[in-house]
Each structure stands twice: as structure tokens, then as C-alpha cells.
Amino acid sequence: MSVLFRKSFLFFFLADVISGFGVGMSTIGANWYLLDETGSTGAVGLMLALNVVSGFLVSPLTGILTDKFNRKVVIQLTFILRAVSIGLLTAVFFVDGFALAYIYLFAIINGIGWSIYMSASRSLIQELLPEDELSKGNSLIEISLQVGMFMAGAASGFIYKFAGFETILLINSSMFVISSLLMIFVKYQSILLEDKGEGYVQSFKKGIHYLASHRLTFLIGLVAIVPLVTTMIFNVVLPEYVSGTLKADSIVFGFSDMAYGIGGLMSGFIAAPLAKKMTENKTITLIFGLSVITLMGLSINVFVIFIFVGSFLIGFSNSSIRIIMNTMLMEIVPKPLMGRAMSVWMGIALLLQTVFAGGLGLLIDIFSPNVGFVCMGSLMLCGLVLHVSVSRSKKKEKYSYEVV
């Protein structure tokens, strides 16, 4: 919590929590609204796909924006543009009522906004905090994410029932306005910007060249996105697993989801101290192993109690690895290139999410929801093998920092 005594980080943290709460609330509300109006899970799937694909398509641009311009300004602009666009969509919903085109437009705005914000905000942390406090900052951001998701889910359900989706959108727009105002109080010495005379294509090539010429850094980033993709698969598998395999209801589903969030929340308190005590590489290896065993165990489970325990462990494992790996990347990647590097990894994560989401749906239909956990376990095992391989290569090359 000591990082919160840093005024600039405190205001950024508050902006992150508030904007994340608004995004979470509107995303959950949009799912319910679309399902209510159409009764089609296919329509919901298309909305999620539009969200992911739009984020993926703009990912090359987000990195350039993050590294070429002041990151605080980029974040403020994303807040303002999202506030205006969602505010306009709210007015359209109030006047014209439900239409598929409007809800899909919301998904596209959400996907593009998330992609730019994630790249810029995670790069800004690197500028706001000294290296020895990066793990504390990342832990705090993970805690706020999990708490925000709890609150967003509960608030969204309540507001949707009594005031409607339009009110959720209005609140979402207001959250972006408040977040934008909070960013005004973030004061820091920005890093030297890229040569303004450098073209966008040249700047993009420079980012790609950095990752291509720093193989180990690129592979560390790949390991870091494995838990992110696994989390997405978990969201696809869990509903069908609860109803089909466990023969349970929505209450079990809700508590399973909550157990995942509690696990993620606990990681914010445990991951960084554990990594400090055991070393980062040993901790990541241990947590990857825990995750693989948990996921494979769930693939043969038929008892409700174990999905609660398993969800907790998956949430803890995935969030812990993200905290430690993001800190490692912030220590390794040069600040002027962080935005482009982060956007490449986010783009790959979004692409993998799209592929796995489509493929898993087919596999679950043919076999059973348990196959989903086998796929998740296999993916985490690949992450573990890649991590061990990268760790050994780092030792051989006596690798610490890679100079541009």
C-alpha cells in the first residue's frame, strides 16, 4: 500500500478503478440486455467476437500511440472519447430503443478503447513507479481489478433490473468523465518521446525489430499472456461445465465465479512477497504447476465443492503469474518501447482468444465441457514448458537487461 502515498500513482490508481468499474458494469449489462432482447446466445457470441477482433485490429496502432505521445494524454483522450461515444449511444438507445447495430457498435467502441487503454496504462505504471516498487503497483492494480469486477457484477444486475441498460451506459460514460478529471492530477516527468519526425510505419517497424532482435524478452511476454488466454477460456467453459457436468444451477455458477475472483484478490497480497522470498522464476514454475494440476483435476471432477476450490486456485494462479510476469517485463523492456511491445503481446492474446473461443465451442459440443479444462491445462502446461526453457536460456546467457 506504500505506493499509494505517491500522489500521482494514487490518482492514476483511482482513475483505473473507476473506469474499470464502469467498463465491467456495461459489459455485463450488455450481455444481459442482448440476451433479453434477442434470446440468442449466437448474438451474444458475435458481440464478444466484435469486441475482441476490433481490439486486435487496432493493436499495432495502440503501441505507436503509446510510445509516440505522452501516455497520460493518450489515456485522458481514450477516457474522453469513450465518454462522448458512449454518451451518444445512450441518447440513441433512449430515443430509438434497442437495435443490434447499436449494441454491436458499443462492443466495437469497448474493444478499441480497452486495447488502447491497456497498452498506455500499463506502460504508464513503468513511468510512475521506481523499479523496486513495480511489483507493489502491479499487485495493487490486480486487487483493484478483482474488487472492481465483484462490485461491477453486483451493481450491474441491480441497476439493469430497476433502471435499465441505458442507465448503465449513462453511468459508464460518467465514470470515464470522472477518470479523465482524476488524470489531471497525475504529475510526473515523462520519458523522452520518440522522434516526432519519425513516421508511423517506421515507428511500428522499430517496435517489431526490437522484439525480433530480443528473442528472450519476446518469449517472456508470450509466457505472460498464457494465463490471460486461459482466463478467457475459463469464462467460456464454466457455464456449460456447471450445468452439463455438475448438473448444478446458476447459484453454483455465481459462487464459482466469485471463488475465481477471491483467488485473484488473494494473489494481490501473496504473489509479490512469495516471489521475493523464492525468486520470481521458482514462484512462476510452482504456480504454473499448481494451475496444471488443478485444471486436469477439474476435468475428471463431478462434485460441486471442487469447482469452488478449483476456481479459487485458478484465479489465484492466473493473477499471480500476471503480477510477477508484468513486473518482470516492466523491469526488462525499455520505457520508450514498452507501449509497442505490450500492444504486440496483447494482439497475440486477442488472436489466441478468438481461435480458442471458436474451437472450444465445437469441441464441447462434440465431447463434453470437461474437454475445456483439458485444453486449459494443456495450455498452462505449454506456458510452464516455455517458462522453464526461457529461464534456462536466461541463465546460460547471464541475461538481465536488454539494451535497445
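Me: Are Arg71 and Asp67 buried or exposed in this predicted model?
Reply: The model is predicted, so that local features need pLDDT of at least 70, side-chain atom pairs count only at pLDDT 80 or more, and totals for chains, interfaces and linings use all residues. Residues are numbered from 1 along each chain as its sequence is written, and side-chain values use heavy atoms, with hydrogens and water left out. Buried denotes under 20% relative accessible area, exposed over 50%, and partly exposed in between (1.4 Å probe, protein chains only). By that criterion, Arg71 and Asp67 are both buried.

Me: What is the distance between the closest N and O atoms of Arg71 and Asp67?
Reply: A salt bridge requires a side-chain nitrogen of Lys or Arg within 4 Å of a carboxyl oxygen of Asp or Glu. Arg71 and Asp67 form such a bridge, and their closest N and O atoms are separated by 2.7 Å.

Me: Which helix holds Arg340, the salt-bridge partner of Asp67?
Reply: The side chains of Arg340 and Asp67 meet in a salt bridge at 2.7 Å, N to O. Helices are DSSP runs (H or I, at least four residues; strands are E, at least two), numbered from the N terminus. The pair links distant parts of the chain, 273 residues apart: Asp67 lies in helix α2 (residues 41–68), and Arg340 in helix α12 (residues 338–366).

Me: Why is Arg340 classed as buried?
Reply: Arg340 is classed as buried because its relative accessible area is 3%.

Me: Which residues are linked with Asp67 in a network of salt bridges?
Reply: The structure holds 5 salt bridges. The network joins Asp67 with Arg71, Glu127 and Arg340.
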